[in-house]
Amino acid sequence: TERTFVMVKPDGVQRGLIGEIVSRFEDRGLKLVGAKFVRIDRDLAERHYGEHEDKPFFGDLVSFITSGPVMAMVWEGQDAVAQVRTMMGETDPAESAPGTVRGDFGLDLGRNVIHGSDTEEGSNEREIDLFFDEDELLDYERSDETWLYE
Ligand code: GTP
Ligand code: MG
């Protein structure tokens, strides 16, 4: 089992998509183990998106992600990182399949509604540590776990 960091970005919050997105992950069987509704400051944004600091879109990306509240979450489950990435769709909503979050709710690369840790080794743990203290992640069993896993 694995944990991944997921964030409903400011556009998703403003468009009232938090519930819809949480529902999709709950329905899939993933377990919510941490959540906070926060406005990211510039320092955290620059650290979170550090891998993109040399890209031309970095300034716009930091401005956007700090422009309003985000719903930051940690979801746990079998192969959670890859499963969430599949459910999100491609980075560009225009190339995302219907049925994915970005394919159902987005049109534009710079307003793609959701973030999820990528499959690069350790990026999930790095992002979880940036946003959450260990005692903010809850250890519990979902009552349907024996029906979700063999
Ligand atoms: P995140 O979950 O947000 O990290 O998206 P991702 O992993 O699918 O994409 P990536 O990490 O490569 O890029 C981070 C974010 O930068 C994307 O979600 C986009 O919003 C934005 N972005 C990426 N590439 C471009 C680009 O070429 N132009 C612009 N304007 N934004 C971009
Ligand atoms: Mg990324």
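How far does a polar side-chain atom of R85 lie from an oxygen atom of ligand 1? In this predicted model, the distance between a polar side-chain atom of R85 and an oxygen atom of ligand 1 is 2.9 Å, a polar contact being a pair of N or O atoms within 3.5 Å. The protein covers 76% of the 590 Å² of accessible area that ligand 1 has on its own, as given by the Shrake-Rupley method with a 1.4 Å probe. An N or O atom in the side chain of Y49 is likewise 2.9 Å from an oxygen atom of ligand 1, and for a polar side-chain atom of K9 the distance to an oxygen atom of ligand 1 is 2.7 Å.

The residues around ligand 1, those with a heavy atom within 4 Å of it, are K9, Y49, H52, F57, L61, R85, T91, R102, L109, N112, H115 and G116. This shell comprises four nonpolar, five polar and three charged residues, with Tyr counted as nonpolar and Gly as polar.

As to confidence, the mean pLDDT of the chain is 97, and 100% of its residues reach 70 or more; pLDDT is the predictor's confidence in each residue, from 0 to 100. The model scores ipTM 0.92 and pTM 0.96.

Residues are numbered from 1 along each chain as its sequence is written, while chains are lettered from A and ligands numbered from 1 in the order in which they are written. In this predicted model, local features need pLDDT of at least 70, side-chain atom pairs count only at pLDDT 80 or more, and totals for chains, interfaces and linings use all residues, while side-chain values use heavy atoms, with hydrogens and water left out.

Technical notes
A polar contact is a pair of N or O atoms within 3.5 Å; within protein, one must be able to donate a hydrogen and the other to accept it, and residues adjacent in sequence count only if both atoms are side-chain atoms.
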